[in-house]
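Work through the exercises below with the sequence and the model at hand. Each task is followed by a solution in steps.

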Amino acid sequence: MPGEDPKVTTAAVAPLASGRLEALMAAVREAGGRGPAPVEKWDPPDCGEMDLVIKADGSWHYMGTPIGRPALVRLFASVLAREGERYVLKTPVEKVGIQVEDAPFLAVEMAVEDAADGRTLVFRTNLDDLVRCGPGHALRFVPGGAPGAVVPYVHVRRGLDARLTRAVHLDLMAEGEVREEGGVPMFGVASAGVFFPILPAADLGLETGADVDFSE
């Protein structure tokens, strides 16, 4: 159609398109649609909820149908924000709530960036954001389903986290070490000058200064 972005056409999402979805797509394009938008500067009217869900596996579904176009997912992710416990897609003209089953992003790859002042852990998300772990991009760990198990997340931007995949979780643990935090030996990881404790070292049978091999 005339005036449409050729990379994200209505025809490409015809099986799941609706008037409301098309209007939101147009508003996002008008707002920029390339990289994270300045949503904190906008105060549009709240237009309620939209039947759009980000699944725990990182896939996006509209009205129960997967959105198969990565370009469209990135378009929506560029205006994704969190307000308290609510996730919203926010443009200059409207704001709609969506559902997120776990975290809106997945961390699918990790690299170690060495420098003279120390190392930084760099994560790539499923939408190709690069996140340098450290101040402003903290790691957090929530209890898993088994004793001693944890689920790791890294903060991406404006209240939005990425959950580490199992493979990246193992890569992270392989970088772990033991340091004292508040007088208690803690197993954790360091990045950009910040130490992120994961578990008490005693839970893993470790001592201060020990490294752990999680390669097997």
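**Exercise 1: The chain as a whole**

Solution. The model is predicted: local features need pLDDT of at least 70, side-chain atom pairs count only at pLDDT 80 or more, and totals for chains, interfaces and linings use all residues. Residues are numbered from 1 along each chain as its sequence is written, and side-chain values use heavy atoms, with hydrogens and water left out.

Next, take burial. Of the 216 residues in the chain, 42% are buried (buried is under 20% relative accessible area, exposed over 50%, partly exposed in between; 1.4 Å probe, protein chains only).

Then count the elements. The chain has three helices and 15 strands (DSSP runs numbered from the N terminus: helices are H or I with at least four residues, strands are E with at least two).

**Exercise 2: The pairing of strand 1**

Task: Find which strands pair with strand 1, and in which sense.

Solution. Two strands pair if DSSP finds at least two bridges between them. Strand 1 (residues 46-54) runs parallel to strand 6 (residues 95-100), with four bridges. Within this pairing, Ile54 stands opposite Val100.

With strand 2 (residues 60-62), strand 1 pairs in the antiparallel sense over three bridges. Here Val53 has His61 as its bridge partner. Strands 1 and 2 form a hairpin with five residues between them, and Gly58 in the turn has a positive phi of about 90 degrees.

**Exercise 3: The largest nonpolar core**

Task: Give the number of residues in the largest nonpolar core and name some of those with the most contacts inside it.

Solution. A nonpolar core is a set of buried Ala, Val, Leu, Ile, Met, Phe, Trp, Tyr and Cys residues joined through side-chain atoms within 4.5 Å. The largest one has 49 residues, and those with the most contacts inside it include Trp60, Phe123, Leu139 and Leu172. Helix 2 (residues 70-77) gives the largest share of this core, five residues.

Now look at Leu172. Leaving aside neighbours within four places in sequence, Leu172 is in contact (heavy atoms within 4.5 Å) with residues including Met110, Phe123, Leu139 and Val189.

**Exercise 4: An aromatic pair**

Task: How many aromatic pairs are there?

Solution. Rings of Phe, Tyr and Trp (its six-membered ring) pair if their centres lie within 6.5 Å; planes under 30 degrees apart count as stacked, over 60 as edge-to-face and the rest as tilted. The count is one aromatic pair. The ring centres of Trp60 and Phe76 are 6.5 Å apart and the planes are at 20 degrees, so the pair is stacked. Trp60 lies in strand 2 and Phe76 in helix 2, 16 residues apart, and the pair links distant parts of the chain. Both residues are buried.
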